[in-house]
Amino acid sequence: MLSAAQLPVHARRLRALVVRSLPVLEARGIVVVLLGGLVGVMAGTLVTTMSALVQWLHVLLFEVQPGGRLSGMFSLQRPVQALVPAVGGILLGLTVVWLRRRKFRTPVDPIEANALYGGRMSLTDTFIIAGQTMISSGFGASVGLEAGYTQVGSGLASRLARFLRMRRNDVRILVGCGAAGAIAAAFDAPLTGAFYGFELVIGTYSVGNVAPVMAAAICASLTAEVFGGVPFPMELSGLPELTPSLYVPFLLLGLVGGGVSIAIMYFVTSVERLFARLSIDASLRPFLGGCIVGLLGLVTPQVLSSGHGALHREFAMNYGLAVIASVFLLKLAASAISLGSGFRGGLFFASLFLGALMGKIFAGTMVFFFPASGFDADVAAVVGMTSLAVGVVGGPLTMTFMALESTRDITLSGVVLAASIMSAMLVRETFGYSFSTWRFHLRGETIRSAHDVGWMRSLTVGSMMRKDVRIIDSSTTLDEFRKAIPLGSAQRVVAVDADGRYAGVLIVAEVYSEQGNPGSTVLTLAKFRDSVLVPTMNVQSAAETFQRAGAEELAVVKDFTDRAVVGLLTEGHLMRRYAEELDKARRDLSGEE
């Protein structure tokens, strides 16, 4: 990528002209809306291209009929095709070796970028993830393409915004536009895509970001239609009237979906840890996982790839309860093995498919115990699909609009939204993560959404602490202390032991008011012996430490091991700086200069 200095003269002049014009346009918000539409067109084009390439691989490798879907096949054309996922595992392993030699860091996805880096994403990361995702899904691994779609849309949007030197908040909005456009194009569902951008990537819904995100979603959906993108309708007919008495079991289904989604996330993580414990190199794990997934594909191709065809089959055909349950277990195993062994992708569509199967299992169980309940299996499948996906992916409104736009039946929206909210509440209160943020947690990150907390990371204890610290040996007697530290010369003094390690904080006024033996050591009056800060702590962690200790001022040590004192920080100064930065972030969000 050329730097600004390396660009041709006419290109630099054009860039300068565009950048100079931005402040005028920002006041009216027109530029962000226009760029949102442009991002939507790019996202729609790239999503259609990626989908077509993967479909071409399915036709080439699995002999899928034109217009058909790999997971919609009743059986593989030839048993040798069960080896295709293993071949894909070899190719993916080669990319792992190459990335390891180039010392690439862990790629940043749109949620992490918006939460921590102000929307900054790497194009290199973007193309790596897109390529690995297409290899994984194209060779039959049980993963979806949605992670690759959103990465491409958001990555290019981020690069465009940074090229134009847009403000931090506008960069974040365009990253959300890229993700919204990608999902809208993938499912021909503009509202679903828009609320995916609001709930999952931008992290908030406001009047200021409605127009650009909706423009991106609509433009992406229209672009996908122009280029022949395959829509995602679910044809449901003859649905029964949803009476109030049916809401109770559907709310129960929402709770079941939330519980199952938590179990799925734990299960996938356990399988991933199991592969990590194997005494084989990470580049060989996709091959092993591909072998197992290929064997499962011999049982039923419904477990292969994302599962679009399999989902349509489940709605079109009336399978028995035992068959549905077996497909659920096989698909869950195939997805967990694919992700755990290192294939690139996500659980977005797998959660939809598994949720639909779960809904049918729930409906079959209800009909078995209550034959006169009038519980419809197709409605249960839609409710189960959205409630389980809400737990795994997040975004109750996103999944509600998914059901609305895919079924074209507005009568389902009420019960679907109610069940989705029940699922979201259960997951939030008992687990607290979606699948994406759960994986961040496993890596040691603390983010739980795309809310912008990156500025908090730069506001560290090291940048706020006072370095002029009065230090005294903890073996000093009270009498010696009073001679060395006159009353009024300092409010607090830090005590250290003979090795220079932190021993506690001494309140000067309390030392002078102590009526005990003047020969006793100051260590007996030291406070907060076990409560210290380190320079790398961010403002949130430091505030929590102050709250636990009940202190107004704490010592800052180099690290928790040697506990060498390097500074002091007061809670009052911490909160003032936090309030200043928070106010600045809010002004940025509202567009004030």
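This is a predicted model: local features need pLDDT of at least 70, side-chain atom pairs count only at pLDDT 80 or more; totals for chains, interfaces and linings use all residues.
**Overall make-up**

The protein chain has 593 residues, of which 51% are buried, and its secondary structure comprises 24 helices and five strands. Among contacts between residues at least 6 apart in sequence, 73% join residues that are at least 24 apart. The accessible surface of the chain amounts to about 26,300 Å², and carbon and sulfur atoms account for 62% of that area.

In soluble globular proteins, nonpolar side chains tend to be buried together. In this model the largest nonpolar core holds 101 residues, and the members that touch the most other members are Phe187, Phe250, Phe348 and Leu352. Helix α14, which spans residues 348–369, supplies the largest share of this core with twelve residues. Leaving aside residues up to four places away in sequence, Leu352 is in contact with Phe187, Leu311, Met385, Ala389, Met399 and Met402. Another core lies apart from the largest one and has 26 residues, including Leu459, Val557, Leu568 and Leu574.

Val87, Ile90, Leu91, Leu94 and Phe287 make a nonpolar surface patch of about 420 Å², and the largest share of the patch, four residues, comes from helix α3, which covers residues 84–102. Ile90 is placed in this helix α3. Because its relative accessible area is 42%, Ile90 counts as partly exposed.

| Residue | Relative accessible area | Class |
|---|---|---|
| Ile90 | 42% | partly exposed |
| Ser406 | 2% | buried |
| Gly208 | 57% | exposed |

Ser406 is found in helix α16, residues 396–407, and is classed as buried because its relative accessible area of 2% falls under the 20% limit. The side chain of Ser406 reaches the backbone oxygen of Met402 at 2.6 Å, and a polar atom of the Ser406 side chain also lies 3.3 Å from the backbone oxygen of Ala403. Met402, whose backbone oxygen is reached by the side chain of Ser406, is also one of the residues that Leu352 touches.

Gly208 belongs to helix α9, residues 207–226, and counts as exposed because its relative accessibility of 57% is over the 50% limit. Although Gly208 and Gly29 are 179 residues apart in sequence, their C-alpha atoms are 8.2 Å apart in space.

Notes
Residues are numbered from 1 along each chain as its sequence is written. Side-chain values use heavy atoms; hydrogens and water are left out. A nonpolar core is a set of buried Ala, Val, Leu, Ile, Met, Phe, Trp, Tyr and Cys residues joined through side-chain atoms within 4.5 Å. Buried means under 20% relative accessible area, exposed over 50%, partly exposed in between (1.4 Å probe, protein chains only). Helices (H or I, at least four residues) and strands (E, at least two) are DSSP runs, numbered from the N terminus. Contact means heavy atoms within 4.5 Å. Patches are made of residues with over 30% relative accessible area and no salt bridge: like charges are joined within 9 Å, nonpolar side chains (Val, Leu, Ile, Met, Phe, Trp, Tyr) within 5 Å. Accessible areas come from the Shrake-Rupley method with a 1.4 Å probe; for residues, only the protein chains shown count as cover. A salt bridge is a side-chain nitrogen of Lys or Arg within 4 Å of a carboxyl oxygen of Asp or Glu. A polar contact is a pair of N or O atoms within 3.5 Å; within protein, one must be able to donate a hydrogen and the other to accept it, and residues adjacent in sequence count only if both atoms are side-chain atoms.
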